[in-house]
Amino acid sequence: MVNVSSQSIFDILRLLSAASRPLGIKEISQNLGLPPSTAHRGVVTLLHEGYVERYQSSATYVLGYNAKRLRQAFFARFRIRELSLPYLQQIAFISGETTNLMVRVGWYSTLIASVRGTNEIISSPFIGEVRELDRGAGSLAIMAHLPAEDLKAFLDWKKTRSLHTSRRLKETLAQIRHDGRIFIGDDGGVTALPILHDGSAIASIAIDGAIDDGMSKSDVKRIVDIVNAVSQRVQQHPVSFWNAYAHLDPASIELPTS
Amino acid sequence: MTTAEVTPEGARLLKSPGNKATARVLTVLSAVADHGGPIGVTELSRKLGMTKNMAHRALATLIEHGYLVRDASGQFYELGYGVIQLRGHDTSEPDIRAICRPFLEKVHILTSESVYLSIIVGQTRINIDAIEARGPRVTHIQRGRPLPLHITVTGRTLLAFLRDSEIEAYIKAAKFDDYPDAIVTSGAQVWEHVRNIRERGYGLSRGESTAGLTMASVFAAFIVVDGQNRPHAALTVGGPADRFSLEQAEKYAPRIVRLLEEANRQLHHIPAYSPMATT
């Protein structure tokens with residue numbers, strides 16, 4: 001009898017996570033280069049533990065309730081999420097734009113909450129999206145407040161993986177610290193502001209669009225005030241909002257970026 | 001449970017020792033997630049009825065894949081960053097504004113008056129959606145302008161659905177002197193209004209002057225709650241008193257309450273934010 005290894009279990013989970021539709025045993029085995037019998041055993045084990053479920057009683061599979069529960073438990077580890085959600089609602093209402101919350105995990109940022117804007121054309125980012133820390137406005141707003149030695153460690157990490165970094169990164173980061181926010185023009189544009197405690201960024205709030213262009217000065221000021229209000233709430237009880245993964249060596253954290 | 005979906009052949013497969021070890025890895029992962037905080041190997045193995053050795057091996061596998069991490073002390077295990085990867089093709093998140101929008105529209109059609117959706121942010125209420133009536137209307141809303149909860153009937157209705165201890169905490173922190181002309185200017189008055197709202201089931205108010213209103217007006221505020229009866233949001237309808245009288249508001253109220261039962265049903269399984277979580 002063939003036993004299914006933990007490795008193939010995790011591979012199957014990853015594959016189903018990345019898939020845009022339910023997958024059958026044959027597709028799973030082909031995609032992962034596993035014998036069909038191993039793929040079958042893996043799916044049966046995952047099914048039994050609630051990590052995978054049958055898609056509408058077909059012979060195809062999607063992630064199960066336990067996988068979804070795990071995700072919720074993961075987000076709950078960032079208490080900044082619960083604190084920020086009503087403030088994100090407020091910003092989305094004022095700006096009409098989709099408003100997201102990002103946190104740092106190792107040398108990455110990940111999107112942990114999103115409130116859709118009221119404007120007709122809205123983007124729909126996916127929760128759990130991962131980027132390297134120098135990619136995108138939300139990431140850079142966090143990165144701008146890293147201590148110098150962390151910035152150096154990040155650049156070394158990028159180098160060892162031969163990944164490209166903007167030569168103007170340091171200037172960009174200095175500019176963010178000066179302006180208190182950053183606007184990046186690609187994908188219709190995103191404006192991001194850090195939630196700060198003690199000079200470092202607990203998280204960032206990223207708003208679709210260029211808030212300085214489309215909005216009245218008083219609305220922009222109100223948005224800045226809201227982000228400051230979140231920072232103030234954090235000051236009241238900073239320990240609660242400490243990043244759950246801050247004690248890990250960032251270089252040991254490997255995540256798939258999109 | 002999905003167990004029922006496992007075929008007899010599948011059940012036989014699950015019994016083989018190697019597959020059992022793999023299943024154990026998933027059981028351990030679920031148990032750590034359920035625990036909600038850091039958990040040690042002794043407690044975990046006791047909870048799951050497995051030997052410490054078995055638990056250790058499962059934990060090591062999960063750490064290797066990033067699904068678990070050691071906590072800062074190194075003694076306990078917590079959910080890891082690798083969980084981000086579990087995404088699935090359904091990535092939509094519940095959105096209170098999107099869920100409530102059709103109900104705002106229905107109440108607007110029913111009453112022809114302005115309708116607002118408000119939530120608690122800290123010690124204040126803010127509007128997150130609105131449909132404004134045509135012609136003379138109650139107020140030119142300032143988008144997202146926060147007002148302390150005790151100032152408006154919307155805020156007081158949200159407050160009335162919090163726990164008594166939370167209301168006490170609010171009163172303790174409230175700056176009543178900032179709004180000396182408000183209807184409510186003391187803790188005792190907050191409680192009086194809260195009792196009225198709880199008894200009636202919704203908030204009702206005539207002629208508040210604080211929100212920059214220039215004419216007599218009537219507001220009725222209705223609550224949208226989760227399965228634990230915690231407030232998600234308030235839906236407020238308001239109009240000039242000569243068009244939207246207290247009597248009219250009372251006449252519409254039962255129909256609006258019935259309409260919102262459907263909203264409550266849709267929001268039943270989505271826990272409401274704890275607005276004062278850190279205070």
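Let's start in chain B, with helix α6. Its buried residues are B:V153, B:T154, B:G155, B:R156, B:T157, B:L158, B:L159 and B:A160. That makes the helix, residues 153-160, mostly covered: eight of its eight residues are buried.

A word on the source. This is a predicted model. The scores are ipTM 0.86 and pTM 0.79. Chain B averages a pLDDT of 85, and 82% of its residues score at least 70. In chain B, helix α1, residues 8-14, has the lowest mean pLDDT, 64. Helix α8, residues 187-200, has the highest, 97. Where pLDDT is low, the predicted coordinates should not be read in detail. Please keep that in mind for α1 of chain B.

Back to α6. Take B:A160, which sits in this helix. Is B:A160 buried or exposed? It counts as buried because its relative accessibility is 3%, and the cut-off for buried is under 20%. What does B:A160 touch, beyond residues up to four places away in sequence? The list is B:I167, B:V194, B:I197 and B:R198. One more distance here. B:K175 is 15 residues from B:A160 along the chain, and their C-alpha atoms are separated by 18 Å.

Next, a helix pair in chain B. Two packed helices are described by the angle between their axes and the distance between the axes. For α7, residues 164-173, and α8, the axes come within 10 Å. They cross at roughly 145°. The crossing of α7(B) and α8(B) is right-handed. Which residues meet? From α7(B), we have B:D164, B:I167, B:E168 and B:I171. From α8(B), we have B:G187, B:V190, B:W191, B:V194 and B:R198. By class, the residues of this contact divide into five nonpolar, one polar and three charged.

Leaving aside neighbours within four places in sequence, B:A253 is in contact with B:Y202 and B:F222.

B:S30 lies in helix α2 of chain B, residues 17-35. Why does B:S30 count as buried? Its relative accessible area is 9%. Which residues does B:S30 contact, leaving aside neighbours within four places in sequence? They are A:Y51, A:N66 and A:R69.

That takes us to chain A. Chain A has 10 helices and nine strands. Along its principal axes, the C-alpha trace spans about 65 × 40 × 35 Å. Of its 258 residues, 56% are buried. Now the contacts in chain A with a separation of 6 or more. Residues 24 or more positions apart account for 56% of those.

Last item: helix α1 of chain A, residues 6-18. As for burial, the buried residues in α1(A) are A:S6, A:S8, A:I9, A:F10, A:I12, A:L13, A:L15, A:L16 and A:S17.

Technical notes:
Residues are numbered from 1 along each chain as its sequence is written. Chains are lettered from A and ligands numbered from 1 in the order in which they are written. This is a predicted model: local features need pLDDT of at least 70, side-chain atom pairs count only at pLDDT 80 or more; totals for chains, interfaces and linings use all residues. Side-chain values use heavy atoms; hydrogens and water are left out. pLDDT is the predictor's confidence in each residue, from 0 to 100. Helices (H or I, at least four residues) and strands (E, at least two) are DSSP runs, numbered from the N terminus. Buried means under 20% relative accessible area, exposed over 50%, partly exposed in between (1.4 Å probe, protein chains only). Axes are lines fitted to C-alpha atoms, for helices over the stretch in contact, and angles run from 0 to 180 degrees between N-to-C directions. A crossing is left-handed if the near helix is turned anticlockwise from the far one by less than a right angle, and right-handed if clockwise. Contact means heavy atoms within 4.5 Å. Ala, Val, Leu, Ile, Met, Phe, Trp, Tyr, Cys and Pro count as nonpolar, Asp, Glu, Lys and Arg as charged, and the others, Gly among them, as polar.
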